[in-house]
Amino acid sequence: QVQLVESGGGLVETGGSLRLSCAASARAFSMGWFRQAPGKAREWLGAITRSGGVSTYADSVRGRFTISRDNIKNTASLQMNSLKPEDTAVYFCAAPVAGKITNDPGDYLDWGQGTQVTVSS
């Protein structure tokens, strides 16, 4: 089991940027990012491969968000630019079954506790 801890959330204005970090207790084969607003379902944002060479994104964040990882430090990052009020949510990182690059939350075995991102209008 991989222990995950997100950090870097906070309050920003529309158009601002934040960089979230996910610290893992061990290397994950791939890593996904999700978010969940109050009263809404958990939304997949993107995922990155074990090597970090390929990342995929949801349409809602493509072009604004970038996922990266540092395998030496066992961390993954989510760089968020051009933030909008609609981006306000709790953001989670998660590790799936080995060998998976997936947008299905059911495929993710380990989850962080989440970090709050609030974008003011």
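Is cysteine 22 buried or exposed? Cysteine 22 is buried, with a relative accessible area of 1%. Buried here means under 20% relative accessible area, exposed means over 50%, and partly exposed is in between, using a 1.4 Å probe and protein chains only.

A word on the model before we go on. This is a predicted model, where local features need pLDDT of at least 70, side-chain atom pairs count only at pLDDT 80 or more, and totals for chains, interfaces and linings use all residues. Residues are numbered from 1 along each chain as its sequence is written, and side-chain values use heavy atoms, leaving out hydrogens and water.

Back to cysteine 22. What does cysteine 22 form with cysteine 93? The two form a disulfide, with their sulfur atoms 2.0 Å apart. The cut-off for a disulfide is a pair of cysteine sulfur atoms within 2.5 Å. The structure holds one. Cysteine 22 lies in strand β3 and cysteine 93 in strand β9 (residues 89–96), so the pair ties together parts that are 71 residues apart in sequence. Strands, by the way, are DSSP runs of E with at least two residues, numbered from the N terminus. The torsion about the S-S bond is about 65°, so this disulfide is right-handed. Cysteine 93 is buried too, at 0% relative accessibility.

Phenylalanine 92 counts as buried, at 9% relative accessibility. Its contacts, meaning heavy atoms within 4.5 Å, include Trp33, Phe34, Arg42 and Trp111, leaving aside residues up to four places away in sequence. Take tryptophan 111: it is 19 residues from phenylalanine 92 in sequence, and the C-alpha atoms are 6.9 Å apart.

Now strand β8. Five of the six residues of β8 (residues 75–80) are buried, so the strand is largely enclosed by the rest of the structure. Which strands pair with it? Strand β3 (residues 18–24) runs antiparallel to β8, joined by six bridges. Strand β7 (residues 65–70) also pairs with β8 in the antiparallel sense, over six bridges. Pairing requires at least two bridges found by DSSP between two strands. Some partners to find on screen: serine 21 bridges to serine 77 in β8, and phenylalanine 65 bridges to methionine 80 in β8. β7 and β8 form a hairpin, with four residues between them. In that turn, asparagine 74 has a positive phi of about 55°.

Last topic: charges. How many salt bridges does a search of the whole structure find? Four. The rule is a side-chain nitrogen of Lys or Arg within 4 Å of a carboxyl oxygen of Asp or Glu.

Start with arginine 35 and glutamate 43, which meet at 2.8 Å, N to O. Arginine 35 is buried at 7%, while glutamate 43 is partly exposed at 28%.

Then aspartate 87 and arginine 64, also joined by a salt bridge, at 2.8 Å, N to O. Aspartate 87 lies in the loop between β8 and β9, and arginine 64 in the loop between β6 (55–57) and β7, so this pair ties together parts that are 23 residues apart in sequence. Aspartate 87 is buried at 1%. Arginine 64 is buried at 12%. Arg35, Glu43, Arg64 and Asp87 are linked in a network of salt bridges.

Finally, aspartate 59 and arginine 62 form a salt bridge, with the closest N and O atoms 2.3 Å apart. Aspartate 59 is exposed at 64%, and arginine 62 is partly exposed at 47%.
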